[in-house]
Amino acid sequence: MPRLVPAPLHAPHTTGDDPRVGHLLGAWLGDGRPPRAVLVGFPVDDGVRLNGGRTGAAAGPAAIRAALARLTPDAALHDGMCALLAETADLGDVAASGRLEEDQRRLGEALAPHLAAGRFVVVLGGGHETSFGHFLGWAGAERDVSIVNWDAHADVRALRDGRAHSGSPFRQALEHPSGRCRRYTVAGLLRHAVAHEHAHFVTKRGGACVWRDEMDAARVGRIYGEQDGDVMASFDLDAVDRASAPGVSAPATGGLPVDVWLRAAYLAGRTPSVRSMDVVELCPAHDRDGQTATLAALTVWWALRGVAERSAGGR
C-alpha cells in the first residue's frame, strides 16, 4: 500500500448538542472495525499546469476538509447520517512525489482495496488529473466501471508529449489496456468550451455528451439510471457557474446552477450503483470568502447524506 499522509478534519468548538462533521468522522472506528466509507486526498495539480490552467488545486483537499468539518449532520436524517460519519475513515492524503503518473498510480493503489470491499469512496482533489488515479483504483480492483463526469469540458484531450494532464483523464480511462472503463458520460458541457473532435471522441466510443442547456434536476436522475453496473462519479467544480464557484482552475460563465449540482451529488450517494466519487479543481487561492470551498464540502456532504439514506432504505 502507498504511504498516505494524515490530514484530519478539525471541527470548531461547539456545545455537546451541536455536533459537526469534524467531531463525528471516524468516531466508531477502531478495534479492527471496517469503515463503510473512506475519504482520500490527492493534493496534486501538476496536470493543471501541464494543461495551461491556473494552478492552486493542490491545496484543494485541505480546504475541502476545513469546510466539511464545520458542517452539521442533516437534522432530518440525524441518526443515520451520524452513524455513517462515525463509520467513515479519513485515510489522509497521497504523498505527492512531483511525478504525476507515479502519484496517480499511488492513488489507484490506495483506493483499490476499498473499492474491492464495496466501501463508498470519496476522493478530494487536486486537479482533474485526480480522476485517472481514481479510475486506476477500479482497474486495480479488477472491476468494470461506468464513469459519469459533471463538467463544463469533456476532458478527453490527447496527452502532451506522452504526458498526462488535467484535460486527459477520461481519454486515458477509455484507452486503458485493462478495458475496465465500460462507458463514459459527461454532463454539464458548455457548447462554447468543447471542441467537436472531443465530443466526437466520446460518442464514437459509445459514451454520451449532455450539454448545459439540456440539464435540469430531473435529467440528473436519468443520467445515473442510464449507466450499467458500478459507477464512478466525478465532480469538476468548474461545471458550476463562476458566480457560485469562482475559486476553480478554469471558471465557467453560464455553468450549472448550484441546485442541479447538489442534486447530482445527492443522487450519487443515493444511487446504489454509484460506488465512488471525486471532487476536483478547487483552487483556494482564487476563491472568494471560501465560497467554492464550501460548495465543494457541500458536494461531499450531500453525497454522504445520500449514502446514509441509501443505507437506511429511506427515500
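Predicted model: local features only at pLDDT ≥ 70, side-chain atom pairs only at ≥ 80, totals over all residues.

Student: OK. How many helices and strands are there?

Tutor: The chain has 11 helices and 9 strands. Both are DSSP runs numbered from the N terminus: helices are H or I with at least four residues, strands are E with at least two.

Student: In what order do the strands sit in the sheet?

Tutor: β1-β3-β2-β4-β9-β8-β5-β6-β7, in an open sheet with mixed pairing. Two strands pair if DSSP finds at least two bridges between them.

Student: Which strands stand at the edges?

Tutor: β1 (4-5) and β7 (208-211). Each has a single partner strand, so one side of each lacks a neighbour in the sheet.

Student: And how do β2 and β4 pair, over how many bridges?

Tutor: Strand β2 (residues 37-42) runs parallel to strand β4 (residues 120-125), over 6 bridges. Gly-41 has Leu-124 in β4 as its bridge partner.

Student: New topic. How much space is in the largest pocket?

Tutor: About 290 Å³. On a 1 Å grid over the protein atoms alone, a pocket is an open set of points where a 1.4 Å probe fits, with protein on both sides within 12 Å along at least five of seven lines. Points are joined across faces, edges and corners, and the volume is the space filled by probe spheres set on them.

Student: Which residues lie nearest its centre?

Tutor: Asn-51, His-153, Asp-155, Arg-157 and Ala-250, out of 17 lining residues. Lining residues have an atom within 4 Å of a point.

Student: What about Asp-155's phi, positive or negative?

Tutor: Positive, near 55 degrees. Asp-155 is in the loop between β5 (145-150) and α7 (169-174). Most residues other than glycine have a negative phi.

Student: Where is the cis peptide bond?

Tutor: Between Gly-125 and Gly-126, with omega about 20 degrees. Gly-126 is in the loop between β4 and α6 (130-140).

Methods: Residues numbered from 1 in each chain as written. Heavy atoms only, no water.
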